[in-house]
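The following paragraphs lead the reader through a two-part account, from one chain to its partner. Please keep the sequence and the model in view while reading.

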Amino acid sequence: MRIGDKPKYDFYTIFIFLGLITIGWLAIYSSVNVETYSSIWDMNVEYGKQFIWIALALLLIVIILAIEPKFYERFAGVIYVVSMLSLLGLFVFGKEISGARSWYSFGSVGLQPSEFAKFATALAVAKYLSQLNVTLKNKKHLLIVGGIILLPPLLIIPQPDPGSALVYSAFFFTLYREGLSLWFLTLGLLAVGLFVGALAIGPILVSISVLVVVVVMYLLSRKRKHKKRLAPPRKWLYIITAFLAIGYTFSTQFVFENVLSDRHRNRIDIILGRVEDNKGIGYNLNQSLITIGHGGWTGTGLLKGSQTQGGYVPEQHTDFVFTAIAEELGFVGASAVVLLFMALIYRLVIMAERQRNQFARVYGYGVAGIFTIHFFVNIGMVLGLLPTVGIPLPFVSYGGSGLWGFTVLLFVFVKLDAHRMSYDH
Amino acid sequence: MKKLLLLFLVTVIGIVFIARLFYLQISTDSYKQKAVENAQKVIYDYPERGFIYDRDGELMVGNQVAYDIMVTPREVKEFDTLALCKLLKIDTTRLLNQLNKAKSWSTRKPSVIIPQLTQEEYAPVQEQLRKYKGFFVRRRSLRKYLVDHSASVLGYIREVNTSKIKKDPYYDLGDLAGKSGIELQYEDTLRGIKGKKIYRRDVYGRELESYENGKYDIETVAGSDLTVTLDNDLQAYGELLMKNKRGGIVAIQPKTGEILSLITAPNYDPSILMGRDRSKNINAILRDTIRIPDFNRALQAQYAPGSPFKVLNALVGLEEGVIRPNEKLRCNHGYDYGGRKPLGCHYHRSPLGMELGIAESCNSYFAQVYRRIIEKESSPTAGMNNWNKHISSFGLGDYLGYDLPVGRAGRIPDGEFYNNNYKFKWYAPTTISNAIGQGEVEATPIQLANMTAAIANRGYFYTPHIIKKINGKPITEENYTTKRYTTISPEHFEPVIEGMSEVYKSGTAKYSQIPGIEICGKTGTVENKMRIDGKTKQLTDHSVFIAFAPKDDPQIAIAVFVENGYWGSRYAAKIASLMIEKHIKGEITRTDLEQYLLTHSLEYEYAKPYSGEEFLINEAVDRGLITEENKHIYAPDNGLLK
């Protein structure tokens, strides 16, 4: 930092952050049955604890903003290694809570290292890609970046916590921005599309559709034969593509029916409407929709939602916190939260694009991508558009590790951004 | 382009989310309704059902606590299935079945595993059940019968079925309601109104606070106690006399129309319809198509009334002026009315006036009277209609309007009836059977008892009823407290009543006299035809008797009907006399009559049509005596039936 250089903090981001934190705490307060407890400051209940976490998060922000921005770039590797070790350590020292070994336990306080691994990975990817001679056109470099990104999910999946692992798909946006071909996304979407399609209408119909599409595309490409600058249609390419697509469809179908555990299969089945089950596995989702639907335009008012106060939605203060907002603050409140997240991500993309050095930009895209995935998966699940995958809504859901992880993730970028004029490579 | 992908995706996601929110929160109401359903917990407060007392204030039906064994499936921990089955006295498969049923209904809400254990059945379970998590007991109020008779008139309560719930939204699944008899007739009075409190509730069904400040709550209203007109002792005695016989008895207090006794046989102990075997027992009774205990013979047995009907023809004859009391008519062992065969009559004094005509039950006498009544008018139709008017005024030929849920209308034909039924021209002789209570006339025992009461009152009656007081307050219902007059002038009753008195003194019932009580009665022997295997077969006649006593201050009017009882005086007259003595004196002096009834059975008679062999009817020899050798047929163990 040069002498006399004043940091310019991005207050839009900070306001959005404060807004989400406040709504989140209110929703937690409401969804934990308050009638049983008297004091707002009761440290034995979630909203009391969350209050402490928020206070400590604010302290954390002060510390983050006090540290020189160069620190993060310099120690990115170290932070990543420490983070990976903490994930590895779970296999030995981790505490099993509701079937997942994702926690370190210090007395009554639990710490979830996977919440910090996102930050560490974002730093490491940024650090690696910002090295002078590294380019994604180089296959070896691409593999290394891929390794950095895929290592944490590989460590997280066996905990098991597939939701947290899913978040790492966020780095696709980072890599795409840094020059990765769109083909990867197309392939990814195609894979998901074929899988879901096979479940919804059966692999045979999907295969027929694939064949039809391939034939049509082949015929269209033949029409352009006279245009010399285009290569002549390669028959075999189409045939192989078709076979691969059909093979993939059948094999994922097989995996779904035979390899996936019931728990996950059921969730997907319910979303696709393949089964209806409002008492068992589908109970969460059904109650979630009832709770949201009960909100109407302006909601029932805080602490007045019969669904929220009656405790009908399991995990309402964590993954399903959005339902409490939707019931008690209604369409207006719920849309406001959606808009706040959209604003946050727009802002992060704008901030990333205005960075002068590659490290800060790559990191910024990582942050934006991670928030996008959390926003998309969490609210998509609560609204019944996506299978039930347990990941929190950033800054809103209850949980100290999550709150801290997101705070660190966001404010390191705020710090980098604040020094973008003076801090160059 | 590269800069825009994320922005583009987030925009799409945001729009989709807001659209979805709009759909869920604004454009559809189904989720809101479900939220309301979720949020209410309704707690019912069942008032105790009203008691039923007899006319002297003796308790007949009270309440007892019963216990349902319940389960909340999600709270069930692993348990020793065998030990629990032993404790609850059910087999393992039944327990597991019930558990699965409960689970599929709801894991959170309690379900009944075993309903309605009595105090005695529950006592051993009480201590032990606590060990089994998720199982618990719900108290319920059930009927307790303090009498072992009158089952069919008292009726029973049962859980309401779905069609009843649809008809009357007051009831919910699992509620109890009167299903027959007094319990059904006075259901609204006995049950009171169950209180309803709606709470907001949480997911575990715990109630939070009153829903909308109790706007939709309903106050509990206690059930009312009933005092009925039945006489406990008379009921018990009548059922005792009817043992091993089938038929009905109805006794009415003429001065008020109160039903003193209403008995149907065979019958059963009302308490078998309580407790854990109740379903089995109810089904056994409903499915018994041979003895038909469910058929209330006192109210529903619609047969030709037989000779008791003659007294009505005598009354109509006097009223129409076609006969004088002392005018003597001849009887040549029958009356030739011009048919293929004369209307037969037994051997008796002749010629005779009205008094003896009734006392000897002379068919010829009444055939002539009847013919005069019909032929008095210009046409048979007009004569028939006039006759119908008089007879109907005694409450015959239509529902009487009494307060019990079953009954039959009976039948008194009029001119139209025969015009419709006979293609040829008909005259008084065509319908001559009506003269002696056979033919087309039909009536139920309660109608005959009511007719007798009208005669005892010399020309009026009150609609028979079983309700006396509600919560100790005498009823004031107009229907039961206004006199209904017959079309016969009071002065015409005296000669007829003299004749009925003569029945006891020198006539057909002279062997059933009760010392010290002047009884007026009339025997009846009713032809009995039954269709067996598609062929109409004649069976032994029914025994019918009507009577009232004492002659000058009638306290009881009674009709007795005994199926296949041979002739009026053989069974029905004896029973009627004893019932009258029991009611008026409170004790029995004619122990010989009583002894006869207690030791004689008609079961052998009822077995005849089912034996598959040829059999004799109306046998001259009385073979009804129960002995050690014939006990298995004469006094069989009928299981549930007494």
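Of the 425 residues in chain A, 52% are buried, where buried means under 20% relative accessible area, exposed over 50% and partly exposed in between (1.4 Å probe, protein chains only). The model is a predicted one, in which local features need pLDDT of at least 70 and side-chain atom pairs count only at pLDDT 80 or more, while totals for chains, interfaces and linings use all residues. Residues are numbered from 1 along each chain as its sequence is written, chains are lettered from A and ligands numbered from 1 in the order in which they are written, and side-chain values use heavy atoms, with hydrogens and water left out.

Chain A contains 17 helices and three strands; these elements are DSSP runs numbered from the N terminus, helices being H or I with at least four residues and strands E with at least two. Among the contacts in chain A with a separation of 6 or more, 70% are between residues 24 or more positions apart, a contact being heavy atoms within 4.5 Å. The accessible surface of chain A amounts to about 19,900 Å², and 69% of this belongs to carbon and sulfur atoms. Accessible areas come from the Shrake-Rupley method with a 1.4 Å probe, and for residues only the protein chains shown count as cover.

On that surface, a nonpolar patch of about 730 Å² is formed by Ile201(A), Ile204(A), Leu205(A), Ile208(A), Val212(A), Val216(A), Leu220(A) and Phe250(A). Patches consist of residues with over 30% relative accessible area and no salt bridge; like charges are joined within 9 Å, and nonpolar side chains (Val, Leu, Ile, Met, Phe, Trp, Tyr) within 5 Å. Helix H10 of chain A (residues 203-223) gives the patch its largest share, six residues. Leu205(A) is found in this helix and is partly exposed, with a relative accessible area of 47%.

Attention now turns to the partner chain. In the interface, 49 residues of chain A are in contact with 33 residues of chain B. The two chains bury about 3,800 Å² between them, 72% of it on carbon and sulfur atoms; buried area is the accessible area (1.4 Å probe) that two parts lose on being put together, summed over both. Tyr176(A), Tyr312(A) and Phe331(A) supply 15% of the area that chain A buries against chain B, more than any other three residues.

Which elements give two or more residues to the side of chain A that touches chain B? They are helices H8 (171-177), H13 (283-294), H14 (306-309), H15 (321-353) and H16 (358-382) of chain A. The largest share of this side, 13 residues, comes from H15(A). Between chain A and chain B the count of salt bridges is zero, a salt bridge being a side-chain nitrogen of Lys or Arg within 4 Å of a carboxyl oxygen of Asp or Glu.

Chain B has backbone features of its own to inspect. A cis peptide bond with omega of about 5° joins Ala265(B) and Pro266(B), and Pro266(B) is found in the loop between strand S12 (258-265) and helix H11 (278-287) of chain B. The peptide bond from Ser350(B) to Pro351(B) is also cis, with omega near -5°. Pro351(B) lies in the loop between strand S14 (343-344) and helix H14 (354-359) of chain B.
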